[in-house]
Amino acid sequence: MKVYISNYLSRSISILDYSTLEFERDIKLDENIYPHNFCIDKEQQLAYIPSSLDGELYVLDLSIGKVIDDISIGGKLANIALCNGELFISNEDSNSIYVLDVKTLNPIGVIGVDNMPHGFDIDCINNKLYVACINSIICIDTSNKSICKKIETDFKAWHVKLDRNRKEIYTSTLDGKVVVIDEESLKITKIIDKFLLPVQICFNYDAKKIYIADMGHKKVIILDYDTGEILDYIDINGDPQGLYISNDSKLLFISDTKNNLIKIYNTSDNTLIKNIKVGKEPTTILCV
């Protein structure tokens, strides 16, 4: 297993060894590719990188470290996910979700959504895609490529993360909140108003904790999974953005975009285990 990190300003993908926590190598991308969100096809060893600058989707062969294909979509591409042989890409300019066949990169469809679709999370088992637009949360049926549910909001939704245990949607907002929404009814069940600029969210189900990267407070805030109360925080001394928790729930990976580091913490006592220097402005962390 490897850890992959997108480095936006240095236009590169860093690769770490998951078992040893050692830096392996950087893949330098073309000068016009600024990676932020990306996804990986583990079997094919391919990374799919949408560009927000030129509207292109790039296909990176991880085995040789080269871009082998690209397709022009146009607009400001934000997020991407691979699900059941299809790529889903949010486009903030056209207010839509593009769907491509992963094998051919041929277009399958375009799903119109509301303003500024940015973050999303996907449930490939139940064929549902949840999209955060600036004034709504939208549920898309990925099998028939249509909107099946929607909730209008008075907060500025930014990122969403599915809590698959409780069938809830955690939404970070640009106005400093984390809003919890019931997945089935799309009704708001809880508003946690304790942040400045919350970004990524991840769950530690073993320890019943929720980790939220808050770029405003420059901390990772740790909440009690049952009550939503603050249990603790990790002072990053930088700008925390990407989060990933290890499969055994013992390690928390945090990307620090200010200091160009991946910081690895022990989840039992929140102590720092290791800093790993990567490229400039590391954002998304994937482990596959």
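The model is predicted, so local features need pLDDT of at least 70 and side-chain atom pairs count only at pLDDT 80 or more, while totals for chains, interfaces and linings use all residues. Residues are numbered from 1 along each chain as its sequence is written, and side-chain values use heavy atoms, with hydrogens and water left out.

**Open sheet β24 to β27**

- Four strands form an open sheet in the order β24-β25-β26-β27, with antiparallel pairing; strands are DSSP runs (E, at least two residues) numbered from the N terminus, and two of them pair if DSSP finds at least two bridges between them.
- β24 (240-245) and β27 (271-277) are the edge strands, each pairing on one side only.
- From one strand to the next, the twist averages 20°, with axes taken as lines fitted to C-alpha atoms and angles running from 0 to 180 degrees between N-to-C directions.
- β25 (residues 251-256) and β26 (residues 261-266) are joined by 6 bridges in the antiparallel sense, and Leu-251 stands opposite Asn-266 in β26.

- In β10 (residues 96-101), 5 of the 6 residues are buried (buried is under 20% relative accessible area, exposed over 50%, partly exposed in between, with a 1.4 Å probe and protein chains only).
- β10 pairs with β9 (residues 86-91) in the antiparallel sense over 6 bridges; Ser-90 has Ile-97 of β10 as its bridge partner.
- The hairpin of β9 and β10 has 4 residues between the strands, and Asn-95 there takes a positive phi near 50°.
- β10 also pairs with β11 (residues 107-112), antiparallel over 5 bridges; the partner of Ser-96 in β11 is Gly-112.
- In the hairpin of β10 and β11, 5 residues lie between the strands, and Leu-105 in the turn has a positive phi of about 65°.

**Aromatic rings**

- The whole structure holds 7 aromatic pairs (rings of Phe, Tyr and Trp, the last by its six-membered ring, with centres within 6.5 Å; planes under 30 degrees apart are stacked, over 60 edge-to-face, the rest tilted).
- Phe-203 and Tyr-205 are stacked, at 5.6 Å centre to centre and 10° between the planes.
- Tyr-205 and Tyr-225 are edge-to-face because their planes stand at 90°, with ring centres 5.8 Å apart.
- This second pair links distant parts of the chain, 20 residues apart: Tyr-205 is in the loop between β20 (198-204) and β21 (209-214), and Tyr-225 in the loop between β22 (219-224) and β23 (230-235).
- Phe-203 is buried at 7% relative accessibility, as is Tyr-225 at 5%, whereas Tyr-205 is partly exposed at 30%.
- Ring pairs connect Tyr-170, Phe-203, Tyr-205 and Tyr-225 into a cluster.
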